[in-house]
Amino acid sequence: MESVAPTKWSLNRVLLLILFIGLAVFALFPLVTLVIASFKPAQELIRFGLNLQMNADLFTWENYIEIFRLDGNYLKWYGNSILITIIFTVLSLIFSSMVGYGIAMYKFKLRNFIFVMVLVIMAIPLEIIMLPLYKLMISMKLMNNIWGVILPFVVAPLPIFFFRQYAGGLPRDFLDAARVDGCTEYGIYFRIMMPLMAPAFSSMAILQALGSWNNFLWPLIVLNSTEKLTIPIGLSTLLTPYGNNYQVLIAGACFAVIPVLIVFLFFQRYFIEGMTAGGVKG
Amino acid sequence: MESKAPIVKVNNKEPRSKFSKILYSQTIAPYVFVLPFIITFAVFFVYPVFSAFSMSFQEIVPGESKFVGLDNYQEIWNPMFKKAVMNSAIYTVLTLALLIPIPLVLAVLLNSKVMILKDMFRATLFIPALTSVVVAGTIFRMAFGELEGSLMNSIVTSLGFEKQKWLGDQWLGMMTLLILACWRWIGVNLLYFLAGLQNIPKELYESASIDGATTWKQFTNITMPMLKPITIYVFTISIYGGLAMFTESFVLWSGNRSPKDIGLTIVGYLYRTGWEQFNLGLGAAVGVALLGITLIVTIIQLTFFGMFRKES
């Protein structure tokens, strides 16, 4: 994988480089304009919209200072998002890996049924059950509660599928050897198999955390008081047809990307390795 | 590894109780592993799906609900719903047409021997997927704003064209949605295809080039067939994603309110009827209709790929 030192500059290499530099610009350009805009005063934004021009005289930290004022709401949203993301990701990984491992490693009656159902849930747009799920949340008294956001989707089909594929490729010899040594079935899972599935865990952790951090429709439905909102929902409440909150919205949006960017840059190697090694063989 | 057994013994003084013996047996263990799925599946999936069906035959007003037969289904057969279905269908087809071939070719190019800085480009192209739809939508909403100074208008006016109301026109609006989709998803699909490419044995290419196969021949005869499983996977999740698209249009047109409903999608219509008009029965009917559409598309897709499988 590691790129060899560029000794020869063939035409193909130069053309490919130009193509991918162009694509990288396309990928980063909108984010760069967003960062620039976050340092512009509000009137500038309302008058000219989003663009690349930055006048050094107009540079201001005001927008960032303002998001921390906002009656402290932005910080609360940030805290809520972090809390929900951590709880959701941890629970989701534990449960989904157990289920995926269970259907990969054991032969039992419900095995095929469960696997088919996992595929069915993947295929059915969850939006169709939003209304009954919403009524269910009301009767379970989980409305406006972080557990209402987390519980319905914590055992997710995609990670189950992924862990099943990954566990299926693990050597079974460990299993029998550990049983002979007197290890319980759960001991085998927690002490032997879980460490072996570490690459799958890291890639699914990023995927689930990202999904939770950016989740929109379901938290929009469940959470309804301002101090309980997550960042995406909170930011969307700043979106008014008159556009008078743009400067706050932009600074808030920039600040919300920072944690995911850091996590991704640190873990991207594991993430990509896990994807490559694991379930996406189809 | 040995510590587990003594702990159990400390807990129950006699030899393991009957219950824990059963719990630790090899026949019960798999059920314990899948228990979280069984519980959440029953409570948060099976029950709501049945409930969605039954709600769709009812008129639900706070406090009471009555059976109205197929009335809700008759009612959703209106121009607004048809518009929503059309928008979702066009969006799905066009995203498939863009977001499968482009990332596939890019993955092959990025994977080629002459390419350098692979890891850097792979990570950079993935970065847009890290942003939430709300952040991405906000950027695009402003960049495609109707103001003269907005990014897109300053580009087209400098090229000598008239400024446009990007989000006020059916096709320009759809184009904006598609550019947004490409921006966010090219890096993700590229990663899937790259993962698929790593699983193709190198010897296949080596023996092919010894036999004198051109690069193009290698691409069509080795790469494409070997990438079929991952392509089917990407194709499938793209269909589901396309048909269920909502947040993008919600953010681009600040809260589901696009002029002449040019950005209304099926889920957008579900949201409008269910939450904005609080007509739960009608919303449930829209949901069931979406399920029907998805099932039809899935069946078509399965037969299509199934035929492919017999060939090989």
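Which domains does the domain assignment give for chain A? There are two entries to find: domain 1 covers residues 11-65, and domain 2 covers residues 71-281. As you look around, keep in mind that this is a predicted model.

Let's begin with how the domains sit relative to one another. Taken over C-alpha atoms, the centres of domain 1 of chain A and domain 2 of chain A are separated by 31 Å. The two domains do touch: 10 residues of domain 1 of chain A are in contact with 7 residues of domain 2 of chain A. Between them, domain 1 and domain 2 of chain A bury about 770 Å², and 86% of that area lies on carbon and sulfur atoms.

Now turn to the side of domain 1 of chain A that touches domain 2 of chain A. Here α1 (11-38), α2 (42-48) and α3 (62-69) of chain A each supply at least two residues. The largest share of this side, 4 residues, comes from α1(A). By residue type, this side of domain 1 of chain A divides into 8 nonpolar residues, 2 polar ones and no charged ones.

Notes. Residues are numbered from 1 along each chain as its sequence is written. Chains are lettered from A and ligands numbered from 1 in the order in which they are written. This is a predicted model: local features need pLDDT of at least 70, side-chain atom pairs count only at pLDDT 80 or more; totals for chains, interfaces and linings use all residues. Side-chain values use heavy atoms; hydrogens and water are left out. Domain bounds come from an automatic or database domain assignment. Contact means heavy atoms within 4.5 Å. Buried area is the accessible area (1.4 Å probe) that two parts lose on being put together, summed over both. Ala, Val, Leu, Ile, Met, Phe, Trp, Tyr, Cys and Pro count as nonpolar, Asp, Glu, Lys and Arg as charged, and the others, Gly among them, as polar.
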